[in-house]
Amino acid sequence: MKKCWLALVLLVLQLGVVPSLAAGAPALKVGVARIDITPQDPVQMSGYASRKDLSTGVHDPLTARALVFEINGSQLAFVTTDLIGFYGGTAEPLREAIIARTGLPPAALFLSAIHTHAGPTPTLDAEKSHANNVKYTKGLIEKLPGLVASAIENLQPATVAVGVGSSPVGANRRELRINAKSESSIVLGRNPYGPTDKEVLVLRILKEDGKPLAVAFDYATHATSLGPQNYIISGDVLGLAEQVIEKITDSGAVAAAFAGASGNIDPWYRILPGFNTEPGWTPEPVLLGTLLGQEVVHVYRKAAEPQTIDQIRTALKVIELPAKPPAAGSTEPAVDRLPYVITAARLGDQGFIGLGGEVLTEIGMAIKAGSPFRHTFVITHCNGAAGYLAPRHLFVEGGYEVQTTRFTPDAAQIVVKESLRLLHSLKPVGE
Ligand SMILES: [Zn+2]
């Protein structure tokens, strides 16, 4: 009997079959690819209205990464970019170009950004923007379809395991200030009592031979550690975390970051007033990116056994949300409703929800809490850029996100409900 088992084990090893996959389960394939998208020319930078000049240099490179999953011909593609997001209507032409080249169904494409405020402003508006930015964005439209196509060409048998960690890198930024006249206001600062989502969700993707293929992680923080005085290009906290992970895991593994629901979450430290590199001092974005990256690696190394991933399902819905009048002085048109893109996917026991805008952390936590999946990745700045979405209770307090959102207090609850409806449609109760 013992000999039989030994023979079977040897056969399994010879065939290169991953023992943890259930017999008969459809084979999961994963393909990855990575390209440099660092601007070659000085560009207008995005994220702070006060910053008017062009970038003056590069601190660390910007990258676009593609992860494509396939089971029985069904595909699911994540394209993560070290950019601020796809404002000014740039998500659609990028998505269309990727879909035209690859044949991916629209619902199977999650095109997202890590929201670095130390990167270029993507734009196709030649009248209002610098020519270098338009050239840069047209370059993305040329490059990203090839990136996804090459991930599809590289599809290979792989296993997926999931791990959960925790990180203190993100801090609630809605700080209550009370002045000498006892007048209160919410300012962009640090609020240790405000909610934060500390969860670091990690997908570990290994090749058939057990070598690393990719890591994907989801964490809720702005990538704004370099602050508004910075004119050098960087992926900031999330981009630096990706680079740390790729360096440590080596073997060419791709590390892709998703920005979780972080509309009101900033990195714990922000550089003020300059990029301090004096001996003995670790610059804040490097410090925080390393802290987050090492947590991802820690989770990656202790992640559980690979799961049996037997299905991919996807859904995409464009809903209409109630809009409030634009802020005074804004050139935006007054409308009653604005579109909002929600993308959902299932990869085995994992749920993914892509939100086309900047979402406050309470909204992401509500989606995770109501999700039917074991783990739910909330991916913001995904397939659209509708701006801030804030939960109703914060409208009483005011503050930057509430003042600048285009949506009424009712909108967030609608997004939570629609997201949960989509997730439940991909994993009905009892399945
Ligand atoms: Zn932001």
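Let's start in a loop. H115 lies between β5 (109-113) and α3 (131-153). Helices here are DSSP runs of H or I of at least four residues, strands are E runs of at least two, and both are numbered from the N terminus. This is a predicted model, where local features need pLDDT of at least 70 and side-chain atom pairs count only at pLDDT 80 or more, while totals for chains, interfaces and linings use all residues. Residues are numbered from 1 along each chain as its sequence is written.

Back to H115. Its phi is near 70°, a positive value in a residue other than glycine. Most residues other than glycine have a negative phi. H115 counts as buried, because 26 C-beta neighbours sit inside 10 Å. The cut-offs: buried takes 20 or more other C-beta atoms within 10 Å, exposed 12 or fewer, partly exposed in between, with C-beta atoms placed from the backbone.

Next, H381. You will find H381 in the loop between β19 (375-379) and β20 (388-389). Phi of H381 is positive too, near 55°. H381 is buried, with 28 other C-beta atoms within 10 Å.

Now the helices. How do α4 and α5 pack? Helix α4 (residues 236-249) meets helix α5 (residues 284-302) at an angle of about 50°, with the axes 7 Å apart. Axes are lines fitted to C-alpha atoms, for helices over the stretch in contact, and angles run from 0 to 180 degrees between N-to-C directions. So α4 and α5 are oblique to each other. For reference, under 35 degrees is roughly parallel, over 145 roughly antiparallel, 65 to 115 roughly perpendicular, and the rest oblique.

Who makes the contact? On α4, the residues include V237, L240, V244 and I248; on α5, they include L288, L292, V296 and Y300. Contact means C-beta atoms, placed from the backbone, within 7 Å. The residues of this contact split into 13 nonpolar, five polar and one charged.

I245 is buried, with 27 C-beta neighbours inside 10 Å. Leaving aside residues up to four places away in sequence, I245 touches V215, A255, G293, V296 and V297.

Last, confidence. Mean pLDDT, the predictor's confidence in each residue from 0 to 100, is 92 for the protein, and 94% of its residues reach 70 or more. Over residues 1-22, pLDDT is below 50, and this stretch has 11 contacts in the model beyond near neighbours in sequence. Where pLDDT is low, the predicted coordinates should not be read in detail.

Conventions: Two residues are in contact if their C-beta atoms, placed from the backbone, lie within 7 Å. Ala, Val, Leu, Ile, Met, Phe, Trp, Tyr, Cys and Pro count as nonpolar, Asp, Glu, Lys and Arg as charged, and the others, Gly among them, as polar.
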